[in-house]
Amino acid sequence: MALQRLDNRTARALFMDRHALAEPPSGGAKGAELLDLIHRLGFVQLDSINTVARAHDMILFSRRPSYRANGLKRLYERDKALFEHWTHDAAVIPMAFYPHWHLRFQRDADLLKSRWKNWRRDGFEQRFATVLQHIRDHGPVSSSDVGKDEKKGSGGWWDWHPSKTALEFLWRSGALTVIGRQGFQKRYDLTERVIETHLCPGNMPCNAEETVDWLCNAALDRLGFATSGELAAFWDTVTTSEAKSWCEHGLIQGKLEEIEVTCADGKLRKVIARPTISEDAEAAPRPPGRIRVLSPFDPMLRDRNRAERLFGFHYRIEVFVPAPKRTYGYYVFPLLEGDRLIGRIDMKANRDCGALQISALWPERSVRWSDARAKRLQSELDRVRRFAGLDNIEFARDWLKDPK
């Protein structure tokens with residue numbers, strides 16, 4: 001039997017709908033409505049770079065223009081509706097998902113003990129009891145509150161002193177919980193003082209099979225269709241072999257089916273989907289035509305290879321690339337218009353002069369830069385300007401570049 005096939009435009013629309021980018025950017029952006037959005041996305045990646053605004057704030061703003069940063073801070077730090085841990089990177093995650101992170105705590109504990117020893121962070125295991133007792137006696141701490149007499153290595157930002165390493169390990173393995181950030185520095189407290197007792201590791205048994213099932217289901221819900229490898233990578237807890245086995249069982253049971261998706265280059269790719277994929281695709285709205293600035297860490301772009309297959313958009317962040325070797329710039333924002341990624345823009349907030357400064361914009365080769373498109377961009381940049389608390393927009397001379 002021929003496999004069911006999604007054409008490229010339908011696949012893009014479905015994928016964008018799952019990432020809350022197919023509907024017009026509007027709606028409530030605080031409290032329960034903001035939490036619902038984060039639940040829909042699964043998580044929001046945290047990042048410290050503040051070229052215009054922090055990545056997590058840009059992710060939420062691109063979907064809800066009324067969003068402001070204190071909305072996320074309140075959900076996380078006051079309401080305790082979110083917790084911070086790792087997916088593929090540091091992220092805030094709905095507290096309702098917390099029981100499914102016990103497996104991650106176990107796996108991180110095993111992984112980090114061996115990995116960090118190999119990175120010559122000797123002595124951190126001997127600091128566990130001291131760090132825990134300090135927090136028990138004095139309350140929440142940041143890394144600057146512990147290990148003040150310990151020597152830091154010379155290996156760069158990641159070469160922590162033993163107590164800082166202990167803090168991170170105890171957090172990643174579940175004994176500590178991050179309760180918020182000050183100046184983007186994490187503050188840690190005992191998990192038993194933050195998380196409801198019955199949910200704490202040790203009080204709630206971890207069933208690996210049930211957790212893998214939940215994680216794979218939740219990933220597929222947010223991707224719409226995927227390979228087993230993409231399902232494993234979504235939360236970065238499930239192994240590739242576990243995801244493959246989950247897909248195989250789902251196919252046998254009739255809960256999943258194999259389909260083909262047409263990529264941007266016309267090639268066909270076999271993926272796994274639910275039997276309702278046709279109805280889901282038909283129900284997905286066509287994305288609105290306005291231009292949106294996306295964060296480099298937007299969940300739609302997190303899997304760079306998937307984004308390239310679906311949208312024909314090759315994107316790599318160049319923060320760690322030496323300036324002379326960069327193709328575009330230090331922190332370049334992708335531009336979304338309708339269901340197309342139409343270019344990338346190099347811009348930053350100059351808070352000293354209150355300006356959003358546009359250094360360069362590179363349209364994609366298939367995009368004709370018209371007056372109408374320029375007006376849509378201007379409208380979006382004005383929204384970003386207001387969001388960043390800036391007064392005006394400044395364009396560099398020759399800011400509009402030829403496609404690369």
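This is a predicted model: local features need pLDDT of at least 70, side-chain atom pairs count only at pLDDT 80 or more; totals for chains, interfaces and linings use all residues.
Before you click: residues are numbered from 1 along each chain as its sequence is written. Local features need pLDDT of at least 70 and side-chain atom pairs pLDDT 80 or more, while totals for chains, interfaces and linings use all residues, and side-chain values use heavy atoms, leaving out hydrogens and water.

**Stop 1: the whole chain.** You're looking at 14 helices and 14 strands (DSSP runs numbered from the N terminus: H or I of at least four residues for helices, E of at least two for strands). The C-alpha atoms fill a box of roughly 65 × 60 × 40 Å along the principal axes.

Stop 2: Of the 404 residues, 53% count as buried, meaning under 20% relative accessible area with a 1.4 Å probe, protein chains only.

**Stop 3: two helices.** Now select residues 128-138, helix α6, and residues 162-172, helix α7. Their axes (lines fitted to C-alpha atoms over the stretch in contact, with angles from 0 to 180 degrees between N-to-C directions) come within 9 Å and cross at roughly 75 degrees. So α6 and α7 are roughly perpendicular to each other, the label for 65 to 115 degrees.

**Stop 4: where they touch.** Show side chains for F128, V131, L132 and I135 in α6; they meet S163, A166, L167, F169 and L170 in α7 (contact means heavy atoms within 4.5 Å). Eight of these contact residues are nonpolar, one is polar and none is charged. Nonpolar covers Ala, Val, Leu, Ile, Met, Phe, Trp, Tyr, Cys and Pro; charged covers Asp, Glu, Lys and Arg; the others, Gly among them, are polar.

Notes:
Angles under 35 degrees count as roughly parallel, over 145 as roughly antiparallel, 65 to 115 as roughly perpendicular and the rest as oblique. Buried means under 20% relative accessible area, exposed over 50%, partly exposed in between (1.4 Å probe, protein chains only).
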